Amino acid sequence: MIFRREPIHKKLARQARLDLAPEAGPHPEPLDPGPNWGEVGIHGVSRPRRWDAVASVEAPDLDGDELNFVALSNGEIVVDEYDPEGAVAPLAETIDQSLERPYRAEAVRREGDVWAVAAQRIQVAELDVRGEELQLAASGGERTLTVDGERSFGTVPQLEQLGASLGREYVVRARRLVGRVWEVEASPL
């Protein structure tokens, strides 16, 4: 008795229920479509999007290679670095075409006067409090307020209201942008 080994390509095709013989006419649908390669179980969960808008623009009056700024709803632009006579305006105007203010933006020089700029929406609030950075946390029925890293007595009603909208336990961080305008971020615990 002679045993012949089945060629590997035929064995794999048979196991996958594929027909290698050419047919005249339409091909039958496979019995088992196999794994769905686009599903979360195969590739994992995608990363959340960091930027809400990205663009490139010419900005000939800007110095340096990197720049951060915040564009407020009232038209004001708050620049973390030196801004000679509104040189950041072309960056903000380009982002304004695809993203409503307020937003925080980062720009990086690409080549010559061409800059890449990316922006993310932010939430702002008007607060009449001292300090530059605030954090209000509520957990286990207790509230803790820190001002510039030091524990403080009292509370900030606007931050408390924002946090309470997320549930009983939360943390709200605020960073002064300019004057009474603060960038706020709230997260449930």
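D63 sits in the loop between strand 1 (53-58) and strand 2 (66-71); strands (E, at least two residues) and helices (H or I, at least four) are DSSP runs, numbered from the N terminus. The model is a predicted one, in which local features need pLDDT of at least 70 and side-chain atom pairs count only at pLDDT 80 or more, while totals for chains, interfaces and linings use all residues. Residues are numbered from 1 along each chain as its sequence is written, and side-chain values use heavy atoms, with hydrogens and water left out.

**D63 and its surroundings**

- D63 is exposed, with a relative accessible area of 62%; exposed means over 50%, buried under 20%, and partly exposed in between (1.4 Å probe, protein chains only).
- On the surface, E58, D61, D63 and D113 gather in a patch of negative charge.
- Residues in such a patch have over 30% relative accessible area and no salt bridge, and like charges are joined within 9 Å.
- Asp and Glu count as negative and Lys and Arg as positive, while His and the chain ends are not counted.
- The place of a charge is taken as CG of Asp, CD of Glu, NZ of Lys or CZ of Arg.
- R109, which is found in strand 4, is in contact with D63, and also with L62, G64, D65, V114 and W115, leaving aside its neighbours within four places in sequence; contact means heavy atoms within 4.5 Å.
- R109 and L62 are 47 residues apart along the chain, and their C-alpha atoms are separated by 9.1 Å.

**Salt bridges**

- The count comes to eight salt bridges, each being a side-chain nitrogen of Lys or Arg within 4 Å of a carboxyl oxygen of Asp or Glu.
- One of them joins the side chains of E106 and R50 (3.2 Å, N to O).
- This pair links distant parts of the chain, 56 residues apart: E106 is in strand 4, and R50 is in the loop between helix 2 (40-43) and strand 1.
- E106 is partly exposed, with a relative accessible area of 32%.
- Another salt bridge joins the side chains of E183 and R104 (2.6 Å, N to O).
- E183 lies in strand 11 (residues 181-188) and R104 in strand 4, so this pair ties together parts that are 79 residues apart in sequence.
- Both E183 and R104 are buried.
- R176 forms a salt bridge with E132, and their closest N and O atoms are 3.3 Å apart.
- Because R176 lies in strand 10 (residues 170-178) and E132 in the loop between strand 6 (123-126) and strand 7 (133-139), the pair ties together parts 44 residues apart in sequence.
- E132 counts as partly exposed, at 44% relative accessibility.

**Backbone details**

- The peptide bond from R101 to P102 is cis, with omega near 5 degrees.
- P102 is in the loop between helix 3 (89-96) and strand 4 (103-111).
- D148 has a phi near 50 degrees, a positive value in a residue other than glycine.
- D148 lies in the loop between strand 8 (142-147) and strand 9 (150-152), and D148 is partly exposed, with a relative accessible area of 42%.

**The whole protein**

- The protein has four helices and eleven strands.
- Of its 189 residues, 27% count as buried.
- Among contacts with a separation of 6 or more, 55% are between residues 24 or more positions apart.
- The accessible surface comes to about 13800 Å², and 49% of this belongs to carbon and sulfur atoms.
- Accessible areas come from the Shrake-Rupley method with a 1.4 Å probe; for residues, only the protein chains shown count as cover.

How values were computed
Patch = residues over 30% accessible without salt bridge, like charges linked within 9 Å, V, L, I, M, F, W, Y side chains within 5 Å.
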